[in-house]
Amino acid sequence: MKHSSTSIILPAVLAIAIAAGCSNSLSPQDRLTVNDKKINEIIAQMTLEEKVEMLHSKTNMSSEGVPRLGIQDIKYTDGPFGIREENGEGFRPLGWTLDSATYFPTGSALAATWSKELAYKNGWAMGKEGRLRGKDIILGPAINIQRLPVGGRTYEYLSEDPVLAARLSVEYTIGSQEAGTAVCLKHYALNNQETNRGSVNVIADERTMREIYLKPFEAAVKEGGAMCVMPAYNKVNGYYCSENAHLNNEILRGEWGFKGMTVSDWGGTHSTMGAALGGLCVQMTGDNYFGQALIDSVRNGALDEAVVDAKVREILRLRFAIEPVPEDVANTVMTSQPETQKIAYEIAQKSIVLLKNEAGNLPIAKDVKKIAVIGQNAVLTTAAGGIGAGVKTLYEISPLEGISKRAAEAGIEVTYAPGYKSYSMRMGWGRQAEQTDPLIAKSTDEPADPALLAEAVALAKEADMVLFFGGTNKSIETEGSDRKNIDLPCGQNEIIQALYEANPNVATVLISGGPTDLRTLDKYSPAIVQGWWNGLEGGTALAEVLFGDIAPSGKLPFTFPLKLEDSPAYATGSFPGNRSGEDLFTLMYRLDATGYTREQIQEYIASLPDPVSEYKEGILVGYRWFETKEVPVMYAFGHGLSYVDFEYGELSCRQKKDRIQVSFALRNLGDMEADEVAQLYVRRIGSKVERPLKELEAFDRITLKAGETKKVTLEFPVSELEHWDNATDGWVLEPGKIEILVGAASDDIRQSIMTEI
């Protein structure tokens with residue numbers, strides 16, 4: 001993607017401060033080393049104590065510079081879908097007035113755009129707001145593979161597919177760092193579950209790691225030039241990620257040439273010598289490992305001071321590449337700006353997925369004069385909540401607000417009823433007095449409330465159309481825990497059936513970060529839309545799609561299984577295993593959530609189980625599993641309908657040096673402008689190596705006016721067809737025939753062509 005094609009102009013004051021005169025011939029990582037001579041001179045002047053002071057937290061969100069030598073602290077901020085408000089101990093807000101940031105659509109929504117350009121813009125906008133707040137590093141993007149439909153952080157992550165996740169990760173990384181704020185890729189690596197994440201030992205063979213779980217990190221490091229990486233909480237093949245020499249030293253620094261710094265997840269450091277030799281630079285938070293214990297290890301000869309020097313060098317490389325924002329400049333204007341709000345709005349517009357439109361219920365017909373909006377998800381905000389990082393957003397347009405405003409323009413009456421109770425995490429903590437709010441459920445499996453149901457049905461009978469808002473919320477999908485199931489909570493299936501029987505002109509909008517079980521809802525809802533947690537303009541964008549002002553163009557970045565048990569981790573019996581019921585981060589930093597005292601925490605952490613999660617499905621993750629095993633799904637990876645049809649022309653294919661190019665004509669057969677995401681998959685013919693039925697290799701989002709035809713070219717490097725050979729411990733390209741398949745979804749292939757490599 002040519003970044004200059006966007007309307008973004010980088011302000012000089014925020015420009016990334018890689019040394020002037022740096023050659024463009026250098027790799028993105030080698031550009032970090034241009035100041036090494038100066039950095040080595042600084043290190044030579046530092047005492048051991050000054051060096052070690054840089055290797056642990058100074059505050060909850062900073063680490064020390066070198067005050068005596070004029071080197072500024074490094075300041076971190078939570079991401080990846082909004083710059084977190086200023087906080088203190090226990091992540092409690094400090095109550096500042098200018099730290100309201102733009103709430104961007106969450107990771108799964110960004111991924112649903114399948115847009116490299118929007119990923120770049122998202123990263124750039126985050127980087128710009130990070131600069132306004134005086135931050136040096138954004139803790140994001142979160143680029144782990146969505147292995148589990150129930151994953152508590154599915155909403156943060158980008159995709160179940162490594163190619164889609166990699167392409168978006170690269171652009172997000174470039175965008176943020178060109179705006180002057182370093183990214184911190186997280187969570188490296190194989191951090192695919194919240195259950196026991198602080199202690200689980202992930203067992204995966206090298207091929208599975210390389211082809212699936214490491215690919216987005218590799219691309220963001222090698223192509224995007226990511227300056228910081230966060231080792232995850234979990235273990236991989238027996239070693240905590242913060243002290244995993246294979247991941248951090250052999251692969252990240254050795255094979256990928258990473259020249260930046262690593263910082264542990266908060267509370268994710270577990271030893272002094274292990275972490276020091278295993279590739280960690282900064283312990284967050286505390287100094288119990290990378291403090292006096294590290295100094296003592298050097299003084300007594302257990303650790304060579306050169307190891308400490310290497311860590312300081314990597315930190316200073318980032319410090320020299322990212323220009324510190326002066327204290328009198330940071331936080332002097334509102335973080336959220338119109339320019340960045342507009343980007344969030346654009347992402348929301350292009351993320352919305354039309355899953356089903358069986359009866360043509362959408363867009364809303366012009367003869368509709370009264371709409372009944374049913375469901376609390378039409379009014380609940382999504383910028384904050386749960387355990388994970390949220391956004392103190394300047395504003396958030398709810399779905400009901402967006403619909404009501406657009407309906408008023410058309411002279412349409414809108415009524416609203418909550419329909420169901422909404423589950424609140426605080427009820428689950430069991431620390432408060434008996435809940436008296438009639439709209440709060442005590443559990444997700446609480447049945448439909450008769451009074452709320454009757455009210456909703458009455459409104460449905462009086463309306464020309466019903467918009468039912470279902471899905472989850474930030475208490476159900478949250479960092480720190482995985483869902484127990486993907487069922488629609490709080491009696492939503494019962495409610496949609498009753499609404500359909502009262503008025504069959506129904507369309508459902510799902511507000512969630514991950515997939516839900518739609519087997520029942522599908523029977524009673526002729527139209528279904530996946531609306532995501534879609535940022536501060538989510539309600540506006542949704543209304544535009546529902547009313548037909550714009551055509552829906554999002555595509556699913558993960559599979560909606562028919563039932564949870566069909567998904568690979570469940571089908572192979574490798575998840576959920578033994579649930580501890582507690583989470584490391586929550587125990588250490590969210591005393592408000594657990595009720596524990598500080599005195600109880602360490603003893604409890606020591607008692608946590610040491611479970612194992614064996615990735616028995618190997619490389620067959622997501623659609624690779626469902627298609628290879630011939631398991632039917634509700635909605636396939638890449639699926640997404642439009643208000644128009646697209647015609648794919650015959651394919652032509654050529655190999656150009658080390659790349660394969662496929663071209664075809666794409667035509668918009670409809671009467672309105674619309675975007676299509678063309679997807680290219682490859683199937684190996686007669687391979688002697690285990691492979692999925694097909695794999696995504698390239699994609700592009702194309703805008704077509706009504707009746708317009710464009711020539712589209714998709715290409716990918718031949719190296720993408722290599723597989724990791726565990727026996728030789730390296731990449732191997734197996735020659736032979738391949739079938740190239742192009743279409744609108746993994747299960748909607750329109751054209752194919754054969755070629756040979």
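Which ring does the charged end of Lys 235 sit over? I looked, and it is the ring of Tyr 240, with 4.9 Å to the ring's centre. The rule I used: NZ of Lys or CZ of Arg has to be within 6 Å of the ring centre and within 35 degrees of the ring normal. Arg 147 also made my list, lying over the face of Tyr 615 at 3.7 Å from the ring centre.

**Ground rules**

I'm working on a predicted model, where local features need pLDDT of at least 70, side-chain atom pairs count only at pLDDT 80 or more, and totals for chains, interfaces and linings use all residues. I number residues from 1 along each chain as its sequence is written, and my side-chain values use heavy atoms, with hydrogens and water left out.

**Cores**

I went for the nonpolar cores next. A nonpolar core is a set of buried Ala, Val, Leu, Ile, Met, Phe, Trp, Tyr and Cys residues joined through side-chain atoms within 4.5 Å. Buried means under 20% relative accessible area, exposed over 50%, and partly exposed in between, using a 1.4 Å probe and protein chains only.

The largest core has 129 residues, and the members that touch the most others are Tyr 188, Leu 190, Leu 362 and Leu 467. Helix α5 (residues 162-178) gives the most to this core, eight residues in total. My helices (H or I, at least four residues) and strands (E, at least two) are DSSP runs, numbered from the N terminus.

I also noted a second, separate core of 48 residues, with Val 263, Trp 266, Val 308 and Ile 322 among its members.

Then I picked Leu 362 and listed its contacts (heavy atoms within 4.5 Å). Skipping neighbours within four places in sequence, Leu 362 is in contact with residues including Met 465, Ala 507, Val 529 and Tyr 643.

**Helix α16**

Which residues of helix α16 are buried? In this helix (residues 492-502), I found Gln 492, Ile 495, Ile 496, Ala 498 and Leu 499. They span an arc of only 165° around the axis, so they sit on the same side of α16. That arc is taken from the directions from the helix axis to the C-beta atoms. Among the elements covering these buried residues are β12 (370-374), α15 (450-462) and β17 (506-511).

**Rings**

For aromatic pairs, I took rings of Phe, Tyr and Trp (its six-membered ring) with centres within 6.5 Å; planes under 30 degrees apart count as stacked, over 60 as edge-to-face and the rest as tilted. That gave me 19 aromatic pairs.

Tyr 623 and Phe 637 are stacked, because their ring centres are 4.5 Å apart and their planes are at 10°. Tyr 623 is in helix α23 (residues 623-628), while Phe 637 is in the loop between β21 (633-635) and β22 (646-648), 14 residues apart. Both are buried: Tyr 623 has 1% relative accessibility and Phe 637 has 0%.

Tyr 623 also pairs with Tyr 681, this time edge-to-face, at 6.0 Å centre to centre and 80° between the planes. Tyr 681 lies in strand β25 (residues 674-684), so this pair ties together parts that are 58 residues apart in sequence. Tyr 681 is buried too, at 0%.

**Salt bridges**

How many salt bridges does the structure hold? I have 46, where each is a side-chain nitrogen of Lys or Arg within 4 Å of a carboxyl oxygen of Asp or Glu. I opened three of them.

- Lys 58 and Asp 73 meet at 2.7 Å, N to O. Lys 58 is partly exposed at 45%, whereas Asp 73 is buried at 18%.
- Glu 218 and Lys 222 meet at 3.1 Å, N to O. They both lie in helix α7 (residues 215-222), four residues apart, which is about one turn of the helix.
- Lys 694 and Glu 627 meet at 2.8 Å, N to O. Lys 694 is in the loop between β25 and β26 (695-704) and Glu 627 is in helix α23, so the pair ties together parts 67 residues apart in sequence. Lys 694 is buried at 8%, and Glu 627 is buried at 17%.

Last entry: salt bridges that share partners join Arg 153, Glu 156, Glu 194, Arg 197 and Glu 479 into one network.
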